[in-house]
Amino acid sequence: MSVETLVSEAGTSSDIANLNINGERLWQSLMDLAQLGATPKGGVCRLALTDLDREGRDLFVKWCEEAGCSITIDVIGNIFARRPGKDNSLPPIMTGSHIDTQPTGGKFDGCFGVMSGLEVIRTLNDHNIVTEAPIEVAVWTNEEGSRFAPCMMGSGVFIGKFDLEETYAIADYEGAKVGDELKRIGYLGQQQVPGHKVGAYFEAHIEQGPILENEEKTIGVVIGCLGQKWFDLTLKGVESHAGPTPMSLRKDALLGAAEVIQAVNRIALEHQPYACGTCGHIEAYPGSRNVIPGEVLVSIDFRHLEEDQLAHMINELDKVLEKLKTENGLELELKPTANFPALYFHDDCVNAVRTGAQRLGVPHMDIVSGAGHDAIFMAEVCPAGMIFVPCEDGISHNEIENADPEDLAVGCNVLLHAMLERSGVC
Ligand SMILES: [Zn+2]
């Protein structure tokens, strides 16, 4: 389509190429939202479907209505703020993220993506720009998975991956259920799931890692997300007295676990780039200083961007386990606990982000996401892409989480231009 179809009388094509969001307004929105559930250390605690979550949602809805958007809420409480386009029969170009936080969360994780979407709409309003397809900003329910597991709940139900009734029945530690809490806070909506068709989905997010900061880049063009394979490994030996049992006659399960932990680290180092290997949880039985540990549970978390590399990493682990069985006489049980496939984002969306960064002349690099995001689920139903901006020292899920206002403004600008490009112009 031509430039004219996008631009009202007020704009020209060069106006659009030079279009900038209002960084101060974006920052102020983030700071205002962060008041709801503010913690003494400067973070935010706004758990999914609590009264504070309702207050955050109400504020978002109020801002979007003031910006002329219509609001739809679906049966899992996802909010969609829609700015009409010229052709409203087209599926919307969507952006979004989440405003629920971890108990010791920060001001930016998720909120940056949602407030950026709002800022895109406010910017289009400021310049009287009408896009061809409608623009939508989504707030996804319970992305964090802190109060209710699993994480990415709202987007998972939206795409039909999670069953609605089963999700309603999920309870928090106090026994409060998702369905009841949605009703209680007034966000049990009407729109059915699986949800409406989406033309493209973009999500701006803080990186939650240290790479951009280390590389001195402002924008991460997210090309994909690491696949994840999680296991619980149980090692069984024989517990016996730490004195009378000679070294040569022991079956020490914790010693075996130590070899596994070393191996997981080595295997990840041998599969660079992109490989991660972590043993984050360990339990040793009976846990007594003068008893040789007879049974140990250790968690294993492998990640990689390439599925075949991930499979190779697990093969390597199997070799180590086989050796522990034959040479150390341990009994082993490896139980898979989670499996998220690796994902490449859609070329069109990745390119839209990269072109946006190039056009704005900002330092950028390709990057992969090691964490889960709603965009990963959205990628199953439409072309999707993500934009990362640095966060201080790579720290998030922490009250001290921090980001530079200028970096955030640049990220939001890239989002604006990527969304405009997917609207058919720029
Ligand atoms: Zn997030």
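Helices (H or I, at least four residues) and strands (E, at least two) are DSSP runs, numbered from the N terminus. The model is predicted: local features need pLDDT of at least 70, side-chain atom pairs count only at pLDDT 80 or more, and totals for chains, interfaces and linings use all residues. Residues are numbered from 1 along each chain as its sequence is written, and side-chain values use heavy atoms, with hydrogens and water left out.

**View 1. Arg184 pairs with Glu181 within helix α8.**
The two residues sit three positions apart, about one turn of the helix. They form a salt bridge (a side-chain nitrogen of Lys or Arg within 4 Å of a carboxyl oxygen of Asp or Glu). The closest N and O atoms of Arg184 and Glu181 are 3.0 Å apart. Glu181 is buried, at 9% relative accessibility. Arg184 is partly exposed, with a relative accessible area of 39%. Here buried means under 20% relative accessible area, exposed over 50%, and partly exposed in between (1.4 Å probe, protein chains only).

**View 2. Arg184 also meets Asp51 in a salt bridge.**
The N to O distance is 2.8 Å. Asp51 lies in helix α4 (residues 51-66) and Arg184 in helix α8 (residues 178-184), so the pair ties together parts that are 133 residues apart in sequence. Asp51 is partly exposed, at 38% relative accessibility. A network of salt bridges links Asp51, Arg54, Arg147, Asp172, Glu181 and Arg184. The count of salt bridges comes to 19.

**View 3. Arg303 and Asp301 form a buried salt bridge.**
Their closest N and O atoms are 2.8 Å apart. Both residues are buried. Side chains of opposite charge can pair when their charged atoms come close.

**View 4. Three protein donors hold the zinc ion in view.**
They are His98 (NE2), Asp109 (OD) and His205 (NE2), lying 2.0 to 2.2 Å from the zinc ion. Donors are N, O and S atoms within 2.8 Å of the metal (3.2 Å for Na, K and Ca); water is not among the atoms, so sites may look incomplete. Along the chain, the donors follow the spacing H-x10-D-x95-H. Asp109 lies in the loop between β3 (93-97) and α5 (111-126), and His205 in strand β5 (residues 200-206), so this pair ties together parts that are 96 residues apart in sequence. Asp109 is buried, with a relative accessible area of 5%. His205 is buried too, at 1%.

**View 5. Glu406 belongs to a negative surface patch.**
The patch is formed by Glu213, Glu392, Asp393, Asp404 and Glu406. Patches are made of residues with over 30% relative accessible area and no salt bridge; like charges are joined within 9 Å, and nonpolar side chains (Val, Leu, Ile, Met, Phe, Trp, Tyr) within 5 Å. Lys and Arg count as positive and Asp and Glu as negative; His and the chain ends are not counted. The place of a charge is taken as NZ of Lys, CZ of Arg, CG of Asp or CD of Glu. Glu406 lies in helix α14 (residues 405-422). Glu406 is exposed, with a relative accessible area of 62%.

**View 6. Leu254, Ile261 and Ile282 form a nonpolar patch on the surface.**
Together they have about 210 Å² of accessible area. Accessible areas come from the Shrake-Rupley method with a 1.4 Å probe; for residues, only the protein chains shown count as cover. Ile261 lies in helix α10 (residues 253-270). Ile261 is partly exposed, at 33% relative accessibility.
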